[in-house]
Each structure stands twice: as structure tokens, then as C-alpha cells.
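The report below is meant for a reader who meets this structure for the first time. Please keep the sequence and the model in view while reading.

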Amino acid sequence: MRSLLLSVLLFGFAAFPAGAVPFWGAKESSPADTAPTALKPGEFVWNPAVAPEGPIVVVVSLTEQRAYVYRNGIEIGVTTVSTGKPGHETPTGIFTVLQKDKDHRSSKYNNAPMPYQERLTWDGVALHAGGLPGYPESHGCVHLPSKFAEDLFGASHMGMTVVVVDNKTAPIDVAHPAALAPVDPSTGAADIHARLQAGERWHWQPEASPDGPVTIVMSAADQRVIVIRNGIEIGRSRIAFSEPGKALGTHAFIVKAGAGTGESVILKGAAAHDWMAVQMPGYGDAAGTDLSSAVGGRIHVPQDFASQVYPLITPGTTLLVTDAPVLEENTGRQMTVMGAGNPNAAAPGG
């Protein structure tokens with residue numbers, strides 16, 4: 001019975017009557033801070049609250065058999081996928097969504113259901129809900145869990161950029177994406193941001209993206225704050241945290257209209273903003289918590305950098321605070337792939 005249920009979950013078709021639409025994968029998101037390497041076939045994380053506005057780009061790693069969704073330069077979703085099997089390989093490259101069809105059925109493969117299709121090529125390559133055995137087994141499309149495909153379909157737009165890569169076709173930081181978008185959201189070109197050099201405290205380039213929604217990311221592991229506007233990084237700085245051995249957890253906040261109480265957590269002596277925690281998968285109890293009570297006075301931002309950032313903090317600005325690393329060089333994803341027994345993999349030495 002367990003084997004039958006697993007077959008239904010991953011492949012769908014066998015246990016459904018003709019004409020029915022199967023449901024593939026998990027029915028809900030894993031907790032927000034679940035590492036991509038911990039996701040089993042059919043599992044995903046969908047966490048749109050960390051960046052409710054901004055351009056969306058999807059990076060599909062054929063090597064990892066995962067897809068990463070970024071909005072405003074921040075990862076809002078990651079999922080296991082199944083891409084093209086040998087002889088039907090999913091093409092690599094930079095694509096845009098040409099067509100969206102919630103109830104699509106294949107004209108090539110016996111009217112097979114392909115729910116929440118987002119077409120990438122006119123000859124049949126698309127993102128859509130489909131079977132997820134843990135290895136490449138599609139006819140060229142990118143199969144997603146049904147719930148994830150539905151969520152992405154609802155958030156995405158015609159013309160959205162989708163980048164499909166593997167270790168042979170892209171820099172390692174793109175083929176193994178981190179929490180920050182490794183590609184330009186409008187062009188799909190590799191866009192790995194400059195790291196702070198030894199002795200460099202911060203850099204600030206607001207002219208790189210003059211307007212648009214702002215997201216701020218603070219990582220305790222990396223000791224960094226990164227500012228992104230309209231999907232483009234405009235600044236980063238070294239920061240410090242009090243009590244470094246004490247976990248902060250993962251929190252997302254959004255600035256509400258109106259003034260907060262007390263002093264700004266970011267710029268000392270300035271008026272506080274009204275930061276409110278937003279719900280994240282696995283962290284429902286934290287919703288509504290204010291920034292000060294969640295992190296206290298543990299965040300220490302260089303004040304000359306903070307004075308540049310502070311004027312950009314307006315209603316709608318989001319802040320992600322996490323213990324986890326977010327920088328490309330520190331995520332440890334470089335060698336991670338799905339380990340679910342791919343029958344198409346070459347034998348050792350082959």
C-alpha cells in the first residue's frame with residue numbers, strides 16, 4: 001500500500017481515471033528555512049512574504065534537479081523538479097514565458113494533463129505540474145509539484161525570465177544558486193555581485209537601480225547586510241551581532257504605514273519604523289511580532305552605511321533576518337544534487 005501511495009504522489013497517472021488531473025508532490029510548503037538539500041522529491045518551499053513585490057526570475061538547475069524562484073532578488077521559493085530524460089533533454093539557456101495555460105493538456109502525448117503550464121518554447125518545453133521521481137524523467141519539460149506550480153503560476157507574469165543551467169553551461173554560482181538571485185531578473189545574464197574586499201567595510205551604488213521596491217537581507221552567518229532595489233543589489237556592508245552564539249532564527253518583516261515607537265534598529269538616534277513580522281511557512285506564531293522584540297539590540301550596522309539605507313525604508317520595504325548564510329561563497333551548495341537513485345545515471349567509471 002505504501003508503494004502504491006508513493007507512486008500516486010510522484011507519478012500521478014496510474015491511480016487516476018481517464019480525464020482526471022493528478023496531484024503531484026507535497027500539498028504544502030516545507031518550513032521556510034529548510035535547506036534545498038533537505039528537500040525530498042516532490043517537496044518545496046514557497047515563501048513569498050519575504051519579497052511581496054519586484055521582478056521575478058526562475059533559475060532551473062538541471063544538475064541539482066531543483067528550481068529556485070527569486071522576487072526582488074531574494075529567494076521566495078525552491079522546489080525539487082524533474083527535467084528531460086536522456087534523448088529528451090531539457091535545453092539550457094535563457095527563456096521568457098511565452099504563454100500561460102492553467103488547464104493545459106498535451107497535443108503530443110495522449111492529451112496528458114499539464115496543469116499550470118508556463119511555456120518556454122513553441123516546440124513544447126514548459127514549466128508545469130508533473131511527475132517527480134527524483135531524477136530526470138520528463139520529455140523535456142520542467143515538472144514541478146502541483147501546489148508549487150499553482151503558486152508560481154499565480155505570482156508570475158507573461159515574459160518572466162527563466163534560466164535553465166547545468167554545470168557545463170553556467171558559472172558554478174548560477175548552476176548552484178544561493179539565497180540571492182545569481183542572474184539579472186530582466187535579462188537572465190549571470191550577475192554575481194562583487195564581494196567586499198579585505199578592509200572594505202561597505203559599498204553603496206544606488207544609481208544601479210534608481211527606484212522600485214526595497215528588500216534588506218541580514219545574515220548572522222555571513223555578518224552581512226545586503227540592500228536590493230527592484231531586483232538589483234545596490235549596497236552591502238559588514239555588520240555585527242551581539243551574542244553571536246545565540247540563534248536569531250529566521251524572520252521576515254515589512255514596514256507598515258505610520259511611525260514606530262522608540263529608536264530605529266538600523267540607524268541609532270533616528271525614529272523607529274513600524275516593522276511587522278509576516279507569516280512564513282513553519283513560523284506562523286511569529287506573525288505580527290515587531291522587529292525590536294524579535295531581534296532586540298543585537299544588530300549593529302555601521303552608522304555611515306545605515307545613514308544611506310535609512311531614507312529608503314518606506315511602507316512596503318521588507319527585511320529578512322536569518323542565521324543562515326546567503327552569500328554565494330558560503331552556502332555550501334556547490335556539490336549538492338538530488339540523491340534519489342537516478343536509474344539514468346552512469347555507472348561508476350562509465
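Is F44 buried or exposed? With a relative accessibility of 1%, F44 counts as buried, because the cut-off for that class is under 20%. This and every other value in the report comes from a predicted model.

**Aromatic pairs**

A search through the whole structure finds five aromatic pairs. In one of them the rings of F44 and F148 have their centres 5.6 Å apart and their planes at 65 degrees, so this pair is edge-to-face. Since F44 lies in strand β1 (residues 44-46) and F148 in helix α2 (residues 146-155), the pair ties together parts that are 104 residues apart in sequence. F148 is buried as well, its relative accessible area being 0%. W204 and F305 also form an edge-to-face aromatic pair, with 5.6 Å from centre to centre and 90 degrees between the planes. Here W204 belongs to strand β11 (residues 202-204) and F305 to helix α5 (residues 303-309), so the pair ties together parts that are 101 residues apart in sequence. Both W204 and F305 are buried.

The two pairs are set out in the table.

| Aromatic pair | Centre to centre | Angle between planes |
|---|---|---|
| F44 and F148 | 5.6 Å | 65 degrees |
| W204 and F305 | 5.6 Å | 90 degrees |

F44 and F148 also belong to one aromatic cluster together with W46. A ring can take part in another kind of arrangement, and an example involves F153: the charged end of K100 sits over the ring of F153, at 4.4 Å from its centre.

Strands of a sheet pair through backbone hydrogen bonds, and they do so either in parallel or antiparallel fashion. In this model four strands form an open sheet in the order β6-β7-β8-β9, and their pairing is mixed. The edge strands are β6 (99-101) and β9 (142-144), each of which pairs on one side only. From one strand to the next, the twist averages 15 degrees. Within the sheet, β7 and β8 pair in the antiparallel sense over two bridges, and R119 stands opposite A126 in β8.

V125 is placed in the loop between β7 (117-119) and β8 (126-129). Its relative accessibility is 11%, and V125 therefore counts as buried. Although V125 and G140 are 15 residues apart along the chain, their C-alpha atoms are separated by 5.9 Å. Leaving aside residues up to four places away in sequence, V125 touches T90, P91, R119, L120, G140 and C141.

T90, one of the residues that V125 touches, is found in another loop, the one between β4 (74-80) and β5 (93-96). What is the relative accessibility of T90? The value is 6%, so T90 counts as buried. The side chain of T90 reaches the backbone nitrogen of G84 at 2.8 Å, and it reaches the backbone oxygen of G140 at 2.8 Å. When residues up to four places away in sequence are not counted, the residues that T90 touches include L62, T83, G84, V125, S138, G140, C141, V142 and V164.

Technical notes: Residues numbered from 1 in each chain as written. Predicted model: local features only at pLDDT ≥ 70, side-chain atom pairs only at ≥ 80, totals over all residues. Heavy atoms only, no water. Buried < 20%, exposed > 50% of the residue type's maximum accessible area, 1.4 Å probe, protein only. Contact = heavy atoms within 4.5 Å. Pairing = 2+ DSSP bridges. Axes fitted to C-alpha atoms, helices over the stretch in contact; angles between N-to-C directions. Phe/Tyr/Trp six-rings, centres within 6.5 Å; stacked < 30°, edge-to-face > 60°. Lys NZ or Arg CZ within 6 Å of the ring centre and 35° of its normal. Polar contact = N/O pair within 3.5 Å; in protein donor to acceptor, adjacent residues only side chain to side chain.
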